[in-house]
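Subject: Structure for your review

Dear colleague,

Please find below the structure I am handing over to you.

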Amino acid sequence: MRAKRRERVLIVAATFILTISLTRGICLSQDARLAEARREGKVVWYTGAALFTADRVAKFFELAYPGIKVEVQRSGSERILQRLMQEAAAGIKNADVFNSSDVGHYVFLKKKGMLAKYAPAGAERFPESFRDPDGIAFGWRAFLIVMSYNSKLLSSADAPKTWKDLLDPKWKGKLVTAHPGYSGAIATYILALVNLYGWDYFKQLAQNKPHLTQSVHDPAQVVAAGERVVGANGAEYFLYSERKKGNPIGIVYPQDGVPLVVSPSAITSSSPHPAAARLFTDFIFTKNVQRFLADSEGL
């Protein structure tokens, strides 16, 4: 209870500091698009970020820019792409800003002309791997895919050390994995391991009958509850956050390589609120929002 109260205090403090600093920036700027964004009234954000994170970032933006609402549409990255494509096929223009954890989505959407060219302020200083060469998509978040284990049921010495260790028959019925049909981060992880070991790796892993979940966040909760002893994959930042809460989670950084998932952001070419979309894009790349992501999630 005390930890939860402290977390709420930190969140309120972060909100207060962020709001003051950003409001000061608004007062000093003469940004013509602010009036246009307020006229549009809202920005619709399709995101694969954790719901807590998405809601908190949306609230920060609304506090910094009164009169502009953020409509959060949060789901797994593969699901938000599916929704975007279904809406496009039906002639529905709803999404303003698209944030997925599957970089392949941006290649696909660029080819279809579904993303607008817009670089957030300061983008020229981003590392090359976080910048689309055409100035369309930019890495907003980045995290590792790792393995985990229940530290009450398994010692660190007995935990798997490499991805290939998970193929050992002793882990049959003891593994949990997120699903690439839902999570873009898991689709990225699968591609990384296929490049490393080929498709046979997953054929062999399937023989150990892993429990399937949806989100990249789900293995942490299944492992913490003791329903499965080992997480075959999972988002490092979420595992870290759950362990900080006191859950019995050990984290393994596989010796044969750790996939890095870059989660870009882009504005759709059919954005119904383009001024608000550009304002929101600049906002989520500000130092204060990036600091919030680092402090709250360990990104």
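The buried residues of helix α10 (residues 274-284) are Ala275, Ala276, Ala277, Leu279, Phe280, Thr281, Asp282, Phe283 and Ile284. Buried means under 20% relative accessible area with a 1.4 Å probe, protein chains only; helices (H or I, at least four residues) and strands (E, at least two) are DSSP runs numbered from the N terminus. With nine of its 11 residues buried, α10 is mostly covered.

Please note that this is a predicted model, in which local features need pLDDT of at least 70 and side-chain atom pairs count only at pLDDT 80 or more, while totals for chains, interfaces and linings use all residues. Residues are numbered from 1 along each chain as its sequence is written, and side-chain values use heavy atoms, with hydrogens and water left out.

The axes of α10 and helix α2 (residues 32-40) come within 7 Å and cross at roughly 115 degrees; axes are lines fitted to C-alpha atoms over the stretch in contact, and angles run from 0 to 180 degrees between N-to-C directions. Contact (heavy atoms within 4.5 Å) involves Arg33, Leu34, Glu36, Ala37 and Glu40 of α2, and Pro274, Ala275, Ala276, Arg278, Leu279 and Asp282 of α10.

Strand β1 (residues 42-47) has five of its six residues buried, so it is largely enclosed by the rest of the structure. Six bridges join β1 to the parallel strand β2 (residues 69-74), where Val72 is the bridge partner of Trp45; strands pair if DSSP finds at least two bridges between them. Three bridges link β1 to strand β3 (residues 97-99), also in parallel, and Tyr46 has Phe98 as its bridge partner there.

Yours sincerely

Note on methods. Buried < 20%, exposed > 50% of the residue type's maximum accessible area, 1.4 Å probe, protein only.
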